[in-house]
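Here are a few friendly notes to read alongside the structure. Take them one at a time and find each element in the viewer as you go.

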Amino acid sequence: MSYLELKNIYKTYGEGDNTTEVLYNINLTIEEGEFVAIVGFTGSGKTTLVNLINGLLEPTKGEVLFKGEPIVGTSHERGVIFQNYSLLPWLTVGQNVYMAVKEAFPKKSKSELNTIVSEYVAMVNLSHAINKRPKELSGGMRQRVAVARALAMKPEMIIMDEPLGALDALTRVNLQDEILNIWGKEKRTALLITNDVDEGIYMADRIIPLRPGPNATLGPEFKIDIERPRDKTEMNDNPNFKKTRNAIIEYLMEIGNERKSEVQKEYILPDLAPKSFVW
Amino acid sequence: MKQSITLGSVTRFIGLAGFLETIKNVFTGKLDKEDFKNIFRKVIMPLASVLLFFAVWYLSANKLHEIEADHLINKALVEQGPAEAEKLRACIASGDKSCQPNALPSPVQVWGAYQTLLADHYVISADKKAFKKKTASLNAKRIANGEKPITYTGRPSFVDQIFTSIITVFAGFLLALFIAVPIGIVIGLSHTLRSSVNWLIQIFKPVSPVVWFLLVFMIVKTFTKNSSSDSAFIICFISVGLCSMWATLVNTAMGVSSVDKDYINVAKVLKLGPMQKVFKVILPSSLPLIFTGLRITLSVAWMVLIAIELLAQSPGLGLFVWEEFQNGANDSNSKIIAAMFVIGLIGFMLDRIMLTIQKMVSFNKND
């Protein structure tokens with residue numbers, strides 16, 4: 001039995017003539033302790049896929065099994081890091097994390113909860129900003145709070161929906177390392193959704209491209225055989241890295257071109273000639 | 001956050017910060033080209049508009065006074081003959097109060113009336129104090145015997161009327177708050193409920209304060225049939241509350257129903273219970289809109305209060321204005337205009353208070 005299993009998932013929005021098919025026959029299995037990355041173009045239905053797994057959405061057809069059981073609603077076992085941070089702006093950093101921790105461990109005492117909060121806030125290096133509100137923080141800091149909030153609930157699986165998409169390159173690299181560190185320390189299962197192939201290769205064990213929607217479906221998977229801990233600079237010279245990277249990019253380019261050619265379908269024009277007006 | 005009350009924070013509260021800042025710059029000598037533009041815009045133009053306002057007022061008051069005087073003299077000429085008319089003309093020209101025509105008062109007269117009202121207030125409050133002193137021992141005895149103490153029943157002063165009005169408006173405002181906010185939250189949470197009561201809100205929202213007063217009067221009358229207490233105040237504040245609560249109701253419902261989808265997703269992922277979802281996510285995120293509604297409610301309440309006090313014969317500024325109008329004394333018109341300015345200034349202060357609170361609870365703005 002796999003840890004997470006998606007069986008023949010279809011997802012459509014709307015009804016009748018306004019139906020948009022987003023996901024088409026998605027099959028995916030993730031084993032415990034694995035780090036899987038799904039790479040895809042923007043607008044290909046990545047967020048929909050994530051919401052199916054974390055329980056915010058239900059599939060139109062098919063099953064999502066988590067530890068053998070179908071997913072009903074959200075669960076504390078699956079922590080989510082949203083693309084747009086989704087911090088509550090009227091709460092401070094500490095309060096944002098505290099709220100999550102309190103829900104995850106309702107039986108713990110206040111001081112125990114506070115210890116967990118400060119531990120996780122320290123883990124993302126934000127102890128100095130624990131009493132600040134999200135609007136006083138930079139984008140990278142906000143995302144780190146979101147990471148702390150998701151991890152502080154000690155989920156068995158971390159689901160990340162383009163968590164670093166809105167950050168600048170430098171902050172991105174730092175946060176990638178931080179997330180990898182935490183993942184390595186506590187060995188949880190992780191699913192990363194990203195549009196950056198390099199990020200996927202650097203972080204994941206497996207990369208699965210998502211063919212662009214409508215009717216998005218998963219492409220063939222690419223195994224990343226690079227030993228951990230990985231080093232960003234060393235990796236650039238790794239022949240394995242180059243090979244996988246080229247293969248994935250080639251594949252994505254190909255489907256990108258396919259899509260383009262679909263759009264640029266040639267229309268056969270009727271054979272019409274202007275009439276000559278003769279008086 | 002500790003903040004001492006400085007001159008700066010007070011002027012910012014009143015909304016005069018730009019004006020005073022610029023004047024300060026003039027005196028401290030920090031001037032360049034850009035500042036001259038600022039001085040023109042923020043000091044000279046506002047002062048000019050104030051002067052213009054008083055000039056137009058003064059001139060038109062004079063003109064109206066003239067027309068009224070001519071009319072009176074003509075009337076005397078037709079009805080009582082030239083001798084009486086000439087006497088009246090002389091009387092008006094001499095400035096004697098007993099024969100002035102009743103027209104729009106000039107700024108000077110209004111200032112005079114304002115001073116009279118203040119002097120009046122001192123007289124009345126001294127009177128009240130004396131009364132209290134005189135009846136103190138008697139009242140103590142009456143209370144000991146289980147009888148009602150004797151209270152001062154004299155005429156309230158202008159300042160007393162102001163405080164009565166402010167108390168009434170706050171009573172009405174609180175009523176609106178306690179009705180509109182909970183109902184707004186419930187309506188906002190349920191789409192079904194919202195669409196089922198929408199007709200009621202849409203129909204009752206534009207109803208005039210006068211009609212609200214009559215409605216409340218019909219109902220309260222039945223309840224207070226056997227009580228000897230004064231029902232005017234009750235009717236008054238209930239009508240004010242009912243009339244002004246709609247802005248809060250609509251804004252609260254809108255704020256609650258349009259919470260950012262991201263926050264709702266957070267609540268779902270954290271698995272908050274329904275109560276916690278409402279109190280920890282939905283309410284805080286709709287607070288800014290609720291307070292915008294409350295601000296509108298308070299200013300509507302103050303505006304409506306004057307009319308309702310007048311109708312309900314409930315003590316307050318509205319009744320004061322109406323009584324002065326009925327009174328028809330030679331300084332009645334001036335007193336009405338003085339009351340008008342006081343009403344305006346109090347309304348302005350109330351709005352500023354709400355604005356400050358609104359700014360405090362809004363988390364979106366960077367301030």
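1. At what angle do helix α2 (residues 93–104) of chain A and α4(A) pack, and how far apart are their axes? Keep in mind that this is a predicted model. The packing angle is about 25 degrees, and the axes of α2(A) and α4(A) are 8 Å apart. Angles under 35 degrees count as roughly parallel, and α2(A) and α4(A) are therefore roughly parallel to each other.

2. Next, look at how these helices touch. On the α2(A) side, the contact is made by A:V93, A:N96, A:V97, A:A100 and A:V101, while α4(A) brings A:V145, A:A148, A:R149 and A:A152. Sorted by class, the contact of α2(A) with α4(A) has seven nonpolar residues, one polar and one charged. The crossing of α2(A) past α4(A) is right-handed.

3. Now for the sheet. It is open and has six strands, in the order β6-β7-β8-β3-β9-β10 (chain A), with mixed pairing. The edge strands are β6 (78–81) and β10 (222–223) of chain A, each pairing on one side only.

4. Within that sheet, strands β3 (residues 35–40) and β9 (residues 206–210) of chain A pair in the parallel sense, over five bridges. You can find A:G40 opposite A:L210 in β9(A).

5. Finally, see which helices lie across the strands. Helix α4 (residues 139–152) of chain A lies across β6 and β7, running at about 175 degrees to β6(A). Helix α1 (residues 46–54) of chain A lies across β3, β6, β7, β8 and β9, at about 155 degrees to β7(A).

Technical notes: Residues are numbered from 1 along each chain as its sequence is written. Chains are lettered from A and ligands numbered from 1 in the order in which they are written. This is a predicted model: local features need pLDDT of at least 70, side-chain atom pairs count only at pLDDT 80 or more; totals for chains, interfaces and linings use all residues. Side-chain values use heavy atoms; hydrogens and water are left out. Two strands pair if DSSP finds at least two bridges between them. Helices (H or I, at least four residues) and strands (E, at least two) are DSSP runs, numbered from the N terminus. Contact means heavy atoms within 4.5 Å. Axes are lines fitted to C-alpha atoms, for helices over the stretch in contact, and angles run from 0 to 180 degrees between N-to-C directions. Angles under 35 degrees count as roughly parallel, over 145 as roughly antiparallel, 65 to 115 as roughly perpendicular and the rest as oblique. A crossing is left-handed if the near helix is turned anticlockwise from the far one by less than a right angle, and right-handed if clockwise. Ala, Val, Leu, Ile, Met, Phe, Trp, Tyr, Cys and Pro count as nonpolar, Asp, Glu, Lys and Arg as charged, and the others, Gly among them, as polar.
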